[in-house]
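User: I'm new to this one and would like to learn how to read it. Can you walk me through a few features?

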Amino acid sequence: EGYNNPPVSGENLIGLSRARRPHNAIFVNFDDEEIPTKPLDAAVQTWKKVCTNPVDKRVEEELRKLFEVRPVWSRNAVKANISIHPDKLKLLLPYLAYYMLTGPWRSLWVRFGYDPRKHPEAKIYQVLDFRIRCGMKYGYAPNDMPVKAKRSTYNYSLPITVKKPVSHTVSVHDLKQGLGTSGASSAKKPASSRYKLKESIYIFREGALPPYRQMFYQLCDLNVESLQKIIRRNDGTESECTERDGWCLPKTSDDLRDTMSLMIKQIIRSTRPALFSSTTSNEDGKEQLAYESGEDEDDEEEEEEEFKPSDGSENEMETEILDYV
């Protein structure tokens, strides 16, 4: 009684730098009993409000077809398969799918009505959090790594700080107009591929370095036969879906990471042999694989300029949560 709240100001407030943007996504945890079968009414209304031109309707149909072919997608995989402005994608995804927060399909979008916990074939859509291992015991330090981090630790502000730079707010009017003011760089590319990402952003291929040191891959996007053999070890005998391993055998993720790390070490060995001049003959005796170099750095720079990561956590999954909560 008699207590008055202090005046709100930047000196005594610790909180989010901006109000949460309502994208009307439905979030599901692994231990939730039910999964949603349709979007929220607000998500339907929001998408109908901005879907006013034939291009948007065509993109909506393209995304529907993607979810028919494959019921679980990462946001980066969607970006690589259809051309849509990222701000419109944030409104379209909650219209067609729900977002998994925990479990083997965390950070992925799942088609409404599909429950991967009840379908053993959904094993191939599980997520693998892969991080390139750095350290002298691997033969190279972080500064020697020919793969850059998503964000620099020297230019990083916490998501709870108050005085952060204000990002450009996209209005409904901008979305209706197709965001035509995206700059001269976007005008150089045809409309059909202006917003598309490269396949390397979500597919792991033999002989190519990942574009970033931390990647979230779906198991079906590990395009290496030896990795697929690890995933398929229990095909047809899946008995239980667990929160840690999903439909895979225990330690499957660890085996995949070990194999992928060895492959990346071989790539770096072929591109920067000086780093491994002191390795043992035992290491040199291992099978050498013919690898090509990683992504073209100039292309990566251009891609990052168009798709700046959202302000938030270093962890991509947490960043996506910040984007959609």
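User: What share of the 325 residues of the chain count as buried?

Analyst: First, this is a predicted model, where local features need pLDDT of at least 70, side-chain atom pairs count only at pLDDT 80 or more, and totals for chains, interfaces and linings use all residues. Residues are numbered from 1 along each chain as its sequence is written, and side-chain values use heavy atoms, with hydrogens and water left out. Buried means under 20% relative accessible area (1.4 Å probe, protein chains only). Here, 45% of the residues are buried.

User: How many helices and strands are there in the chain?

Analyst: Helices are DSSP runs of H or I with at least four residues, strands are runs of E with at least two, and both are numbered from the N terminus. This chain has 11 helices and eight strands.

User: At what angle do the axes of α1 and α4 cross?

Analyst: Axes are lines fitted to C-alpha atoms, for helices over the stretch in contact, and angles run from 0 to 180 degrees between N-to-C directions. Angles under 35 degrees count as roughly parallel, over 145 as roughly antiparallel, 65 to 115 as roughly perpendicular and the rest as oblique. For α1 (residues 41-50) and α4 (residues 86-96), the axes cross at roughly 135 degrees and come within 9 Å, so the pair is oblique.

User: Which residues of α1 and α4 meet?

Analyst: Contact means heavy atoms within 4.5 Å. From α1, A43, V44, T46, W47, K48 and V50 meet K88, L91, L92, P94 and Y95 of α4.

Note on methods. Buried < 20%, exposed > 50% of the residue type's maximum accessible area, 1.4 Å probe, protein only.
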